[in-house]
Amino acid sequence: MRSFRLLPPDASVAGHPSPIDVFTSVAYCLIHFFSCNGFLTNVPFDFSFAPSQPSQKTFRTKRTLAKKQRQNRPLPHWIRLRTDNKIKWNAKRRHWRRTKLGL
């Protein structure tokens with residue numbers, strides 16, 4: 001009987017455990033701990049975390065946010081170089097913290 005009891009029952013180790021066996025046993029213990037304490041409920045063992053719920057944003061909201069993100073940019077440099085140009089900056093520039101979109 002070995003004194004190293006962190007290994008799963010199907011692991012075979014002769015003498016001292018190799019680093020891979022130690023890593024496997026620690027991972028096995030962590031998975032066992034989290035699954036017993038309710039942290040990993042309804043999660044598959046291979047950690048393939050697929051999203052189980054739909055996305056929060058609708059496509060319409062996402063499209064509006066994308067348009068607002070495109071509009072919120074500085075003035076192109078070549079516009080300032082035009083002759084008789086009075087535009088110096090984007091007057092409708094929006095800061096994410098000061099002005100909200102109200103969506």
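I looked up the accessible surface of the protein chain first. The total is about 9900 Å². Carbon and sulfur atoms hold 58% of that surface. I note that this is a predicted model.

Next I checked burial. The protein chain has 103 residues, and 7% of them count as buried.

Then I turned to secondary structure. I found three helices and zero strands in the protein chain. Along the sequence the pattern reads α-α-α.

I also looked up contacts with a separation of 6 or more. In the protein chain, 14% of these are between residues 24 or more positions apart.

Which residues form a positive surface patch? I listed Lys67, Lys68, Arg70 and Lys92. I followed Lys67 further. Lys67 sits in helix H2, which spans residues 59-71. Its relative accessible area is 46%.

My last entry concerns Asp84. Where does Asp84 lie? I place Asp84 in the segment after helix H3 (77-80). I read its phi as near 55 degrees, a positive value in a residue other than glycine. Most residues other than glycine have a negative phi.

Is Asp84 buried or exposed? Asp84 counts as exposed because its relative accessibility of 74% is over 50%.

Key. Residues numbered from 1 in each chain as written. Predicted model: local features only at pLDDT ≥ 70, side-chain atom pairs only at ≥ 80, totals over all residues. Heavy atoms only, no water. Patch = residues over 30% accessible without salt bridge, like charges linked within 9 Å, V, L, I, M, F, W, Y side chains within 5 Å. Areas by Shrake-Rupley, 256 points an atom, 1.4 Å probe, with all protein chains shown as cover. Salt bridge = Lys/Arg side-chain N within 4 Å of Asp/Glu carboxyl O. Lys, Arg positive; Asp, Glu negative; His and termini not counted. Charge placed at Lys NZ, Arg CZ, Asp CG, Glu CD. Helix = DSSP H or I, 4+ residues; strand = E, 2+ residues; numbered from the N terminus. Buried < 20%, exposed > 50% of the residue type's maximum accessible area, 1.4 Å probe, protein only. Contact = heavy atoms within 4.5 Å.
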